[in-house]
Amino acid sequence: MSVRQWKQERPFLGSMLTLLSGALILWVPLNLIVKAFLPGTVSVIGILFGGLVLLIGIMGLFFPQFSKVFGIVAIFLSILSIIGALGGFIVGTLLGITGGSLMVAWSPPASDRRAGEQPSEETEEEIYVPHKMVQAK
């Protein structure tokens with residue numbers, strides 16, 4: 001299995017954007033705790049939401065069959081992260097919404113033909129292309 005094939009079998013771009021979003025959302029509350037030493041409920045909520053978005057990005061890579069659910073949860077948590085983490089200065093929220101949307105829109109590649117199998121020349125099959133019908137040999 002090549003890296004390209006591995007990437008095509010899962011929502012790679014959506015998961016990567018969700019991972020980046022989680023890192024940005026986590027960055028704000030972690031810096032608030034370290035620099036201002038203000039442990040409180042708001043920063044804890046930001047750490048929780050950022051960690052969950054990061055975890056959803058990782059799980060989207062390893063469990064692609066649940067990508068729609070992960071995408072919806074990633075969008076939801078990215079929007080809620082504005083409360084505790086300023087949404088990673090809004091950039092994290094926008095990346096989370098984009099990554100979650102890509103995870104929802106992702107569908108597994110069609111594997112109606114086995115790898116390496118070529119269609120025989122004798123069989124004719126019709127290929128449906130939207131707006132016109134093409135006959136292939």
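Visitor: Which nine residues make up the largest nonpolar core?

Guide: Ile25, Phe49, Val53, Ile56, Phe70, Ala74, Leu77, Ala85 and Met103. A nonpolar core is a set of buried Ala, Val, Leu, Ile, Met, Phe, Trp, Tyr and Cys residues joined through side-chain atoms within 4.5 Å. Buried means under 20% relative accessible area, exposed means over 50%, and partly exposed is in between (1.4 Å probe, protein chains only).

Visitor: Which elements give two or more residues to this core?

Guide: Helix H3 (41-62) and H4 do. H4 gives the most, with four residues. Helices (H or I, at least four residues) and strands (E, at least two) are DSSP runs, numbered from the N terminus.

Visitor: What kind of model is this?

Guide: A predicted one, numbered from 1 along each chain as its sequence is written, where local features need pLDDT of at least 70 and side-chain atom pairs count only at pLDDT 80 or more. Totals for chains, interfaces and linings use all residues, while side-chain values use heavy atoms, with hydrogens and water left out.

Visitor: How do I read the confidence, and what is the mean pLDDT of the protein?

Guide: pLDDT is the predictor's confidence in each residue, from 0 to 100. The mean for this protein is 82. Of its residues, 76% reach 70 or more.

Visitor: Where is confidence lowest, and where is it highest?

Guide: Strand E1 (residues 125-129) is lowest, at a mean of 58. Helix H5 (residues 91-105) is highest, at 94. Where pLDDT is low, the predicted coordinates should not be read in detail.

Visitor: How many helices and strands are there?

Guide: The protein has five helices and two strands. Starting at the N terminus, the order is α-α-α-α-α-β-β. The protein has 137 residues, and 31% of them are buried.

Visitor: Which residues does the annotation "transmembrane region" cover?

Guide: In the unreviewed UniProt entry, the annotation covers residues 12-30, 36-62 and 69-97. UniProt positions are given in the numbering used here, feature names are shortened, and annotations may be inferred rather than shown by experiment.

Visitor: What does the chain do over residues 12-30?

Guide: That span is 100% helix and 0% strand. Its end C-alpha atoms are 27 Å apart. Now take residues 69-97: the span is 97% helix and 0% strand. Its end C-alpha atoms lie 13 Å apart.

Visitor: How are two packed helices described?

Guide: By the angle between their axes and the distance between the axes. Axes are lines fitted to C-alpha atoms, for helices over the stretch in contact, and angles run from 0 to 180 degrees between N-to-C directions. Here, the axes of helix H4 (residues 67-89) and H5 come within 7 Å. They cross at roughly 175°. That makes H4 roughly antiparallel to H5. Angles under 35 degrees count as roughly parallel, over 145 as roughly antiparallel, 65 to 115 as roughly perpendicular and the rest as oblique.

Visitor: What residues form the contact of H4 with H5?

Guide: They divide into 11 nonpolar, 11 polar and one charged. Ala, Val, Leu, Ile, Met, Phe, Trp, Tyr, Cys and Pro count as nonpolar, Asp, Glu, Lys and Arg as charged, and the others, Gly among them, as polar.

Visitor: Where does isoleucine 90 lie?

Guide: In the loop between H4 and H5. Isoleucine 90 is partly exposed, with a relative accessible area of 43%. Phenylalanine 89 belongs to helix H4. Phi of phenylalanine 89 is near 55°, again positive in a residue other than glycine.

Visitor: Is glycine 87 buried or exposed?

Guide: Glycine 87 is buried, at a relative accessible area of 0%. Its place is in helix H4. Glycine 87 and phenylalanine 49 are 38 residues apart in sequence. In space, their C-alpha atoms are 9.4 Å apart.

Visitor: What about leucine 77?

Guide: Leucine 77 is in helix H4. It is buried, with 9% relative accessible area. Glycine 22 is 55 residues away along the chain, yet the two C-alpha atoms are separated by 9.6 Å.

Visitor: Leucine 13 and glycine 14 are both in H2. Which is buried and which is exposed?

Guide: Leucine 13 counts as exposed, at 54% relative accessibility. Glycine 14 counts as buried, at 3%. Helix H2 covers residues 12-36. The C-alpha atoms of leucine 13 and glycine 99 are 7.2 Å apart, across 86 residues of chain. For glycine 14 and methionine 103, 89 residues apart along the chain, the C-alpha separation is 5.0 Å. Methionine 103 also belongs to the largest nonpolar core.
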